[in-house]
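Hi,

Here is the structure I said I would pass on.

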Amino acid sequence: MNKRGIPYVWGGTSDRGYDCSGLMLRAYEKAGIDLPRTAREQYGAFSRKISWNDLEPGDLVFFSNLGHVGMISKPGYMVHAPRSGDVVKEEKLSDWRRQAFVGAVRPDPKGVRQWEKQLEQRREPISANLTATL
């Protein structure tokens with residue numbers, strides 16, 4: 001909440017400016033939880049999804065085909081970095097947000113460890129013995 005008023009900056013992850021996922025990345029980093037960088041990756045890092053009716057403060061909420069993320073600040077409200085030309089702010093969850101809602105996650109260290117394991121597997125070199133067949 002103390003980041004309210006800081007300008008939106010695409011790709012931003014500092015007090016010079018934040019984008020939506022950069023703000024969530026830094027907020028959870030302060031809590032000792034490392035998140036992936038983008039909203040889509042943040043959503044995918046956790047297998048347990050939270051429904052609209054079960055949202056709690058701290059939950060990450062995703063909208064518009066995973067193109068935007070915010071954090072529940074109190075019942076019925078979220079804090080987020082909305083768009084270019086705007087600033088980090090708290091906003092009431094509107095009917096429009098409800099319609100654009102994709103899902104939510106409740107980040108925890110276990111979920112992030114699972115995400116890190118997936119990333120490690122992706123980084124492993126591919127065997128040189130693989131051959132393509134037609």
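Below is what I found, going from the overall fold down to single residues.

First, the ground rules. This is a predicted model, with residues numbered from 1 along each chain as its sequence is written; local features need pLDDT of at least 70, side-chain atom pairs count only at pLDDT 80 or more, and totals for chains, interfaces and linings use all residues. Side-chain values use heavy atoms, with hydrogens and water left out.

**The fold**

The protein has 4 helices and 8 strands (DSSP runs numbered from the N terminus: helices are H or I with at least four residues, strands are E with at least two). Along the sequence they follow the pattern β-β-α-α-β-β-β-β-β-α-β-α. Of its 134 residues, 40% count as buried (buried is under 20% relative accessible area, exposed over 50%, partly exposed in between, using a 1.4 Å probe and protein chains only). As for contacts (heavy atoms within 4.5 Å), take those between residues at least 6 apart in sequence: 52% of them join residues at least 24 apart.

Six strands make an open sheet in the order 3-8-4-5-6-7, with antiparallel pairing (two strands pair if DSSP finds at least two bridges between them). Strand 3 and strand 7 (89-92) are the edges, each pairing on one side only.

On one side, 2 bridges join strand 8 to strand 3 (residues 49-50), and Lys49 has Val105 as its bridge partner. Strand 8 is also joined to strand 4 (residues 60-63), by 4 bridges, with Phe62 standing opposite Gly103. Further along, strand 5 and strand 6 (residues 77-80) pair over 3 bridges in the antiparallel sense; there, Lys74 is partnered with Tyr77.

**The cores**

The largest nonpolar core has 23 residues, and Met24, Leu35, Leu60, Phe62, Val69 and Val88 touch the most other members. (A nonpolar core is a set of buried Ala, Val, Leu, Ile, Met, Phe, Trp, Tyr and Cys residues joined through side-chain atoms within 4.5 Å.) Helix 1 (20-30), helix 2 (39-44), strand 4 and strand 5 (68-74) each give two or more residues to this core. The largest share, 5 residues, comes from helix 1. Another core lies apart from it, with 11 residues, among them Trp52, Met78, Ala100 and Ala104.

Helix 1 has these buried residues: Cys20, Ser21, Gly22, Leu23, Met24, Leu25 and Tyr28. What covers them includes strand 1 (13-14), strand 2 (17-18), helix 2, strand 4, strand 5 and strand 6. Just after helix 1, Gly32 takes a positive phi of about 85°.

Gln42 lies in helix 2 and is buried, with a relative accessible area of 0%. The side chain of Gln42 reaches the backbone oxygen of Ser21 at 3.1 Å. Leaving aside neighbours within four places in sequence, Gln42 has contacts that include Met24, Leu35, Leu60, Phe62 and Val105.

His68, in strand 5, is buried too, with a relative accessible area of 8%. The side chains of His68 and His80 are joined by a polar contact of 2.7 Å (a pair of N or O atoms within 3.5 Å; within protein, one must be able to donate a hydrogen and the other to accept it, and residues adjacent in sequence count only if both atoms are side-chain atoms). Not counting residues up to four places away in sequence, His68 also touches others including Cys20, Ala39, Met78 and Arg97.

**The largest pocket**

This pocket is lined by 17 residues, of which Met1, Asn2, Lys3, Leu23 and Ala27 lie nearest its centre. Helix 1 and strand 5 each give two or more residues to the lining, and helix 1 has the largest share, 6 residues. (On a 1 Å grid over the protein atoms alone, a pocket is an open set of points where a 1.4 Å probe fits, with protein on both sides within 12 Å along at least five of seven lines; lining residues have an atom within 4 Å of a point.)

Cheers
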